[in-house]
Every structure is written in structure tokens, then in C-alpha cells.
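Work through the exercises below with the sequence and the coordinates at hand. Each task is followed by a worked solution.

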Amino acid sequence: PDWQTYRNTANDSTSYIQGLVNSANPVAFLPAGKYVISSPIVIPLNKGLIGAGADKTVIIAKTAGVNIL
């Protein structure tokens with residue numbers, strides 16, 4: 001896939017993913033899809049984040065210098 005083009009045209013999902021992590025659930029589920037983030041997702045020690053599978057849920061950094069987690 002052309003990740004550079006995708007990064008530049010996709011909506012930023014940082015707030016959405018961080019909101020899932022911050023929810024009352026101990027483990028947040030991120031549905032299948034491609035998610036672009038502009039800053040790291042902060043996962044507290046008592047929380048977790050899982051996706052639908054390695055080939056189904058993809059988190060992409062908006063720029064090369066952004067750490068994912």
C-alpha cells in the first residue's frame with residue numbers, strides 16, 4: 001500500500017483511540033480498519049488495547065517521527 005498518501009489523506013484517529021483506552025473497560029477493543037495518529041497513544045499500566053488481528057487493525061503514524069504507543 002501507498003502509506004505516505006494514506007497518511008496525508010486519512011482523518012486523525014488519535015482522540016478516538018485514546019478515548020477507547022481511557023474508557024472504563026480494562027481492555028479497549030479497536031475494530032478492524034486503518035487508523036492514523038498524530039501523537040502517541042498513552043496506555044496506563046492497568047489498561048490494554050487489542051485489535052481485530054494483525055492483518056485487520058493497523059495503526060499508522062501521521063509522520064515518521066511519531067511513536068505509536
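A residue is buried under 20% relative accessible area, exposed over 50%, and partly exposed in between. The model used here is predicted.

**Exercise 1.** Classify Val 58 as buried, partly exposed or exposed, and describe its surroundings.

Solution.
- Step 1: locate the residue. Val 58 belongs to strand E4, which spans residues 57-61.
- Step 2: apply the cut-offs. The relative accessibility of Val 58 is 24%, so the residue counts as partly exposed.
- Step 3: list contacts, leaving out residues up to four places away in sequence. Val 58 touches Trp 3, Gly 33, Lys 34 and Tyr 35.
- Step 4: check a separation. Asn 22 is 36 residues from Val 58 in sequence, and the C-alpha to C-alpha distance is 19 Å.

**Exercise 2.** Which residues make up the largest nonpolar core, and which elements give two or more residues to this core?

Solution.
- Step 1: name the members. The core has six residues in all: Ile 17, Val 21, Leu 30, Tyr 35, Ile 37 and Ile 41.
- Step 2: assign elements. Helix H2 (14-22) and strand E2 (33-37) each give two or more residues to this core.
- Step 3: take one member, Ile 41. Beyond four places in sequence, Ile 41 touches Thr 14, Ile 17, Gln 18, Val 21, Ile 68 and Leu 69.

**Exercise 3.** Is Thr 14 buried or exposed, and what does Thr 14 touch?

Solution.
- Step 1: Thr 14 is found in helix H2.
- Step 2: its relative accessible area is 10%, so Thr 14 is buried.
- Step 3: with residues up to four places away in sequence not counted, Thr 14 touches Val 36, Ile 37, Ser 38, Ser 39 and Ile 41.

Technical notes: Residues numbered from 1 in each chain as written. Predicted model: local features only at pLDDT ≥ 70, side-chain atom pairs only at ≥ 80, totals over all residues. Heavy atoms only, no water. Helix = DSSP H or I, 4+ residues; strand = E, 2+ residues; numbered from the N terminus. Buried < 20%, exposed > 50% of the residue type's maximum accessible area, 1.4 Å probe, protein only. Contact = heavy atoms within 4.5 Å. Core = buried A, V, L, I, M, F, W, Y, C linked by side-chain atoms within 4.5 Å.
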